[in-house]
Amino acid sequence: FDKLKNLEILYLEGNIHLDLKDTFQKISKLSRLRFLRISAKNLPSEIALCKSLEKLEIYNHTEYKNYTFPLILPNEIGDLINLKYLD
């Protein structure tokens with residue numbers, strides 16, 4: 001991610017086995033990242049490191065086809081002062 005200085009849009013949908021804490025620490029270095037689409041059941045507090053986000057789409061994919069887990073948002077989601085769209 002260190003070399004992707006101009007990246008503005010990132011789709012990580014379908015990657016349910018990512019270590020999200022580590023992922024958010026890495027993508028927080030993308031100072032121009034405005035749009036993130038990610039698959040998650042829970043978001044870690046490290047989401048707050050992504051200060052430039054304007055649009056965040058979270059997909060709640062599970063390995064269980066007929067059951068949807070409730071998505072848990074951390075309080076730190078409120079630290080995303082540039083966020084205009086959350087789905």
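Mentor: Helices (H or I, at least four residues) and strands (E, at least two) are DSSP runs, numbered from the N terminus. Here, reading along the sequence gives the pattern β-α-β-β-β. The model is predicted: local features need pLDDT of at least 70, side-chain atom pairs count only at pLDDT 80 or more, and totals for chains, interfaces and linings use all residues. Residues are numbered from 1 along each chain as its sequence is written, and side-chain values use heavy atoms, with hydrogens and water left out.

Trainee: How many of the 87 residues count as buried, in percent?

Mentor: Start with the scale. Buried means under 20% relative accessible area, exposed means over 50%, and partly exposed lies in between (1.4 Å probe, protein chains only). In this chain of 87 residues, 32% count as buried.

Trainee: Which residues of the largest nonpolar core touch the most other members?

Mentor: A nonpolar core is a set of buried Ala, Val, Leu, Ile, Met, Phe, Trp, Tyr and Cys residues, joined through side-chain atoms within 4.5 Å. The largest one here has 18 residues. Phe 24, Ile 27, Leu 36, Ile 38 and Leu 56 touch the most other members. Two or more residues come from each of S1, helix H1 (20-27), S2 and strand S3 (55-59). H1 gives the most to this core, with three residues.

Trainee: Is Phe 35 buried or exposed?

Mentor: Phe 35 counts as buried, because its relative accessibility is 9%. Tyr 11, at 48%, counts as partly exposed.

Trainee: What lies over the face of Tyr 11?

Mentor: A charge sits over a ring if NZ of Lys or CZ of Arg is within 6 Å of the ring centre and within 35 degrees of the ring normal. Arg 37 lies over the face of Tyr 11, 4.3 Å from the ring centre. Likewise, the charged end of Lys 55 sits over the ring of Tyr 85, at 4.8 Å from its centre.

Trainee: How many salt bridges are there?

Mentor: A salt bridge is a side-chain nitrogen of Lys or Arg within 4 Å of a carboxyl oxygen of Asp or Glu. The count comes to four. One of them joins Arg 34 to Glu 8, with the closest N and O atoms 3.0 Å apart. Arg 34 is in the loop between H1 and S2 and Glu 8 in the segment before S1, so this bridge ties together parts 26 residues apart in sequence.

Trainee: Which residues are linked in a network of salt bridges?

Mentor: Arg 37, Lys 55 and Glu 57. Glu 57 bridges to Arg 37, with the closest N and O atoms 2.8 Å apart. That pair links strand S3 to strand S2, 20 residues apart. Both Glu 57 and Arg 37 are buried. Lys 55 also bridges to Glu 57, at 3.5 Å between the closest N and O atoms. Lys 55 counts as partly exposed, because its relative accessibility is 31%.
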